[in-house]
Amino acid sequence: MTNVNGKIGLSAAHVAGGIKTVNGSISIMGASRVEGGIMVDKPSGIMFNSDDPVIIIGPGAIVQGDLRFERKVKLYVSDKATIGTVTGATPVAFSGETPPN
């Protein structure tokens with residue numbers, strides 16, 4: 001699953017080829033399973049949206065593979081989620097259904 005801008009939202013979904021974006025936020029909730037990891041590429045050229053993408057991996061979600069970030073992101077990971085190796089970002093753990101504001 002790939003996009004450049006815009007939000008990707010999963011709820012109880014299965015993605016077999018990973019997720020890749022440049023400027024989009026990602027929300028992986030419920031019993032969603034992502035095989036192939038997550039990649040947030042560094043933007044090239046002029047960026048229309050300078051806000052840092054927000055990546056949320058909620059309770060019960062599984063991300064198999066590497067989570068690689070080549071630009072600054074806000075990464076929130078539930079204490080009840082399962083993820084692979086993170087490179088380029090520091091995960092902020094949260095409990096409950098959603099991360100703190």
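A strand here is a DSSP run of E that is at least two residues long, with numbering from the N terminus. Going by that, this predicted model is a chain with 13 strands and zero helices. Read from the N terminus on, its elements go β-β-β-β-β-β-β-β-β-β-β-β-β. The radius of gyration is 12 Å, close to the 13 Å the globule rule gives for 101 residues, so the chain is as compact as a globular protein of that length.

**Overall build**
- Along the principal axes, the C-alpha atoms fill a box of roughly 35 × 30 × 20 Å.
- Take the contacts with a separation of 6 or more: 33% of them come from residues 24 or more positions apart.

- Buried residues make up 40% of the 101 in the chain.
- The largest nonpolar core has 19 residues, and the members touching the most others are Ile 19, Ile 28, Ile 38, Ile 55, Ile 57 and Phe 69.
- At least two residues of this core come from each of β1 (8-11), β4 (26-29), β6 (38-40), β7 (54-57), β9 (67-69) and β10 (74-78).
- Zooming in on Ile 28, and skipping its neighbours within four places in sequence, you'll find it in contact with Leu 10, Ile 19, Val 34, Ile 38, Ile 56, Ile 57, Gly 58, Ala 61 and Val 63.

**Surface and charge**
- The chain's accessible surface is about 5,500 Å², and carbon and sulfur atoms account for 51% of that.
- As for charge, there are 9 positive and 8 negative side chains, with the centres of the two sets 3 Å apart.

Definitions and conventions:
Residues are numbered from 1 along each chain as its sequence is written. This is a predicted model: local features need pLDDT of at least 70, side-chain atom pairs count only at pLDDT 80 or more; totals for chains, interfaces and linings use all residues. Side-chain values use heavy atoms; hydrogens and water are left out. A nonpolar core is a set of buried Ala, Val, Leu, Ile, Met, Phe, Trp, Tyr and Cys residues joined through side-chain atoms within 4.5 Å. Buried means under 20% relative accessible area, exposed over 50%, partly exposed in between (1.4 Å probe, protein chains only). Helices (H or I, at least four residues) and strands (E, at least two) are DSSP runs, numbered from the N terminus. Contact means heavy atoms within 4.5 Å. The radius of gyration is taken over C-alpha atoms; the globule rule is 2.2 Å times the number of residues to the power 0.38. Accessible areas come from the Shrake-Rupley method with a 1.4 Å probe; for residues, only the protein chains shown count as cover. Lys and Arg count as positive and Asp and Glu as negative; His and the chain ends are not counted. The place of a charge is taken as NZ of Lys, CZ of Arg, CG of Asp or CD of Glu.
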